[in-house]
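Please open the model in your viewer and keep the selection panel at hand. The stops below each name what to select next and then say what is there.

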Amino acid sequence: MIVAIDGPTAAGKGTLARLLARDLGFAYLDTGSLYRAVGLALLRTGHSPDDEAAAVAAARSLGSDLLTDPGLRDEATGNAASRVAAMPAVRAALLDYQREFARRPPGGARGAVLDGRDIGTVVCPDATVKLFVTAAPEVRARRRHLELSGRGEDVPFAQVLADLNERDRRDQARAAAPLRPAPDAHLLDTSDLAIDAALARAKAIIAGRM
Ligand code: C5P
């Protein structure tokens with residue numbers, strides 16, 4: 001059983017996916033962290049996030065050290081991630097790992113929850129349940145701003161909103177696996193939903209498909 005959760009940045013899909021995996025006893029893969037790790041590898045080695053050869057090399061040799069690096073959540077890493085994510089060869093290098101995780105979830109779990117941008121459209125088009133989680137840009141920027149301040153990153157709100165709009169634009173406009181809801185995805189707008197309400201809705205949708 002595979003639960004695919006897609007949506008734009010800071011829509012609440014990560015929190016939702018983690019809680020769903022916990023409650024269902026499924027394995028969880030945050031696929032954004034793979035793209036972030038590639039972005040971080042480039043920043044750490046002094047490469048430009050637009051250096052495709054370096055990005056592909058990093059994607060092919062991702063190690064667990066980068067995937068658990070606290071720098072993964074930095075704003076600069078997110079921006080670099082969205083640049084490397086537009087490169088088809090980088091996406092191709094990360095595809096098998098994601099599909100294998102979904103097909104054979106680690107730890108013998110009887111299912112997997114994957115979140116990202118193209119899980120329901122490209123990575124797992126046959127997922128049992130697909131959710132597309134959104135929220136208004138200002139709401140998402142407020143959440144992202146709070147998260148960054150909580151970690152001591154003081155980025156002005158206006159810049160967080162501008163970065164988020166730019167990242168949405170890049171994720172939606174790219175030719176390779178653009179961000180869009182799969183035709184059979186259930187839309188979940190979390191603009192006015194607290195996390196427990198969003199979780200309850202997601203569970204009701206999943207229960208209807210099990
Ligand atoms: O979700 P998160 O903000 O961690 O993702 C970072 C970036 O990675 C996104 O802006 C997006 O460009 C890219 N991404 C992607 N496909 C995925 C997951 C993330 O293109 N499945």
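This is a predicted model: local features need pLDDT of at least 70, side-chain atom pairs count only at pLDDT 80 or more; totals for chains, interfaces and linings use all residues.

Begin by selecting Ala177, which counts as buried because its relative accessibility is 15%, where buried stands for under 20% relative accessible area, exposed for over 50% and partly exposed for what falls in between, computed with a 1.4 Å probe on protein chains only. Ala177 sits in the loop between helix 9 and strand 5 (186-189), helices (H or I, at least four residues) and strands (E, at least two) being DSSP runs numbered from the N terminus. Although Ala177 is not a glycine, its phi is positive, at about 45 degrees. Most residues other than glycine have a negative phi.

Residues are numbered from 1 along each chain as its sequence is written, and side-chain values use heavy atoms, with hydrogens and water left out.

Next, select helix 9, residues 157-173, whose 17 residues reach 24 Å from the first C-alpha to the last, close to the 24 Å expected at 1.5 Å a residue; the expected span is 1.5 Å times one less than the number of residues. Which residues of helix 9 are buried? They are Val160, Leu161, Asp163, Leu164, Arg167, Asp168, Arg170 and Asp171. To see what covers these buried residues, display helix 2 (32-44), helix 5 (75-84) and helix 8 (137-150), which are included in that cover, with contact meaning heavy atoms within 4.5 Å.

Glu166 and Arg169 are three residues apart in helix 9, about one turn of the helix. An α-helix has 3.6 residues a turn, so residues three or four places apart point the same way. Glu166 is partly exposed, with a relative accessible area of 32%, and Arg169 also counts as partly exposed, at 45% relative accessibility. Salt bridges that share partners join Glu75, Arg144, Glu147 and Arg167 into one network.

By this rule the count of salt bridges comes to 19. One of them to select is the pair of Arg91 and Asp118, whose side chains meet at 2.9 Å, N to O. This pair links distant parts of the chain, 27 residues apart, with Arg91 in helix 6 (residues 88-103) and Asp118 in the loop between strand 3 and helix 7 (119-123). Both Arg91 and Asp118 are buried.

Now move to Lys130 and Asp184, which form a salt bridge whose closest N and O atoms are 3.1 Å apart. Lys130 lies in strand 4 (residues 129-134) and Asp184 in the loop between helix 9 and strand 5, so the pair ties together parts that are 54 residues apart in sequence. Lys130 counts as buried at 7% relative accessibility, whereas Asp184, at 46%, counts as partly exposed.

Then select Asp115, in strand 3 (residues 112-116). Asp115 is buried yet has no salt bridge, the nearest side chain of opposite charge being Lys13, 5.1 Å away; Lys and Arg count as positive and Asp and Glu as negative, while His and the chain ends are not counted. The side chain of Asp115 does join that of Tyr28 in a polar contact of 2.5 Å, that is, a pair of N or O atoms within 3.5 Å, of which, within protein, one must be able to donate a hydrogen and the other to accept it, and residues adjacent in sequence count only if both atoms are side-chain atoms.

Finally, select the ligand. Of the 17 residues around it, Arg36, Arg91, Asp118, Asp171 and Arg174 come nearest, a residue being near if one of its heavy atoms lies within 4 Å. A ligand nitrogen is 2.9 Å from an N or O atom in the side chain of Thr31, and a ligand oxygen is 2.8 Å from an N or O atom in the side chain of Arg91.

Definitions and conventions: A salt bridge is a side-chain nitrogen of Lys or Arg within 4 Å of a carboxyl oxygen of Asp or Glu.
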